Amino acid sequence: MKHFVLKGYAVAVSVLLIGAMLYLMTVLNAEPPAIKVQDTSEAGSVVLPPKLVAGAIAERGTEDMKLTLKGDKLLIDQQSTFLSLNIETNILTTPVAIGDNRLRLDIEEIEIAGLKLSDKQKLNLVRQFGDLPDGVELDVTHRCFYYQLEPVQLSGVKLMLTAIDQSGWHFKIEEE
């Protein structure tokens, strides 16, 4: 009986090892999914897919501010300290391109540490106490942020944001 139990364990371990080896071989041979850049009919422009843009936006975040693109919404999650209290601010926005490399972030929802205030009051708190990055303006009346983007520069070419839609972020290509 003891001999059978050892054989049973040996078979089970062997099956698991073979399965693990097959899995590793599959994973190691698999190519990462390609991110497709849409071919546009308009010469001198390119459409970057939301997944690619989401990665670039996430990289712009800092330790205190996380940026997450979810579908057509941009979530800004900021941690700050005020009077020795940790304050978490979450702002859900919809990005809209409004001109060459100018972005408007329409504010859909705003939450500041669970405060039960009107959105206008919350936005006034952000304007008064928030540490907005350079180039970001808050318009409380129109419930939006404005941001002037720097051109994306790649090998002697500049990409200038012109539009955003479901297919992706549209850029005009300019040679330097």
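In what order do the 6 strands of the open sheet stand? The order is β2-β3-β4-β5-β7-β6, with antiparallel pairing, where two strands count as paired if DSSP finds at least two bridges between them, and where helices (H or I, at least four residues) and strands (E, at least two) are DSSP runs numbered from the N terminus. This is a predicted model, in which local features need pLDDT of at least 70 and side-chain atom pairs count only at pLDDT 80 or more, while totals for chains, interfaces and linings use all residues. Residues are numbered from 1 along each chain as its sequence is written, and side-chain values use heavy atoms, with hydrogens and water left out.

Confidence comes before detail. The protein chain has an average pLDDT (the predictor's confidence in each residue, from 0 to 100) of 76, and 76% of the residues score at least 70. Among the elements of the chain, β5 has the highest mean value, 93, whereas helix α1 (residues 2-29) has the lowest, 41. Where pLDDT is low, the predicted coordinates should not be read in detail.

To return to the sheet, β2 (65-70) and β6 stand at its edges, and because each has a single partner strand, one side of each is left without a neighbour in the sheet. From one strand to the next the twist averages 30°, with axes taken as lines fitted to C-alpha atoms, for helices over the stretch in contact, and angles running from 0 to 180 degrees between N-to-C directions. Helix α3, in turn, lies across β3, β5 and β6 and runs at about 115° to β5.

Which side chains, then, link α3 to other parts of the chain? The structure holds 5 salt bridges, each defined as a side-chain nitrogen of Lys or Arg within 4 Å of a carboxyl oxygen of Asp or Glu. One of them joins the side chains of Glu111 and Lys122 (4.0 Å, N to O), and this pair links distant parts of the chain, with Glu111 in strand β5 (residues 102-112) and Lys122 in helix α3 (residues 119-129), 11 residues apart. Lys122 is buried at 5% relative accessibility, whereas Glu111 is partly exposed at 34%; buried means under 20% relative accessible area, exposed over 50%, and partly exposed in between (1.4 Å probe, protein chains only).

Another salt bridge brings together Arg143 and Asp119 (2.8 Å, N to O). Arg143 lies in the loop between β6 (136-139) and β7 (144-148) and Asp119 in helix α3, so this pair ties together parts that are 24 residues apart in sequence. Both are partly exposed, Arg143 at 26% relative accessibility and Asp119 at 27%. Arg143 also has a positive phi of about 50° although it is not a glycine. Ala113, likewise not a glycine, has a positive phi of about 50°; Ala113 is found in the loop between β5 and α3 and is partly exposed at 44% relative accessibility.

Note on methods
Contact = heavy atoms within 4.5 Å.
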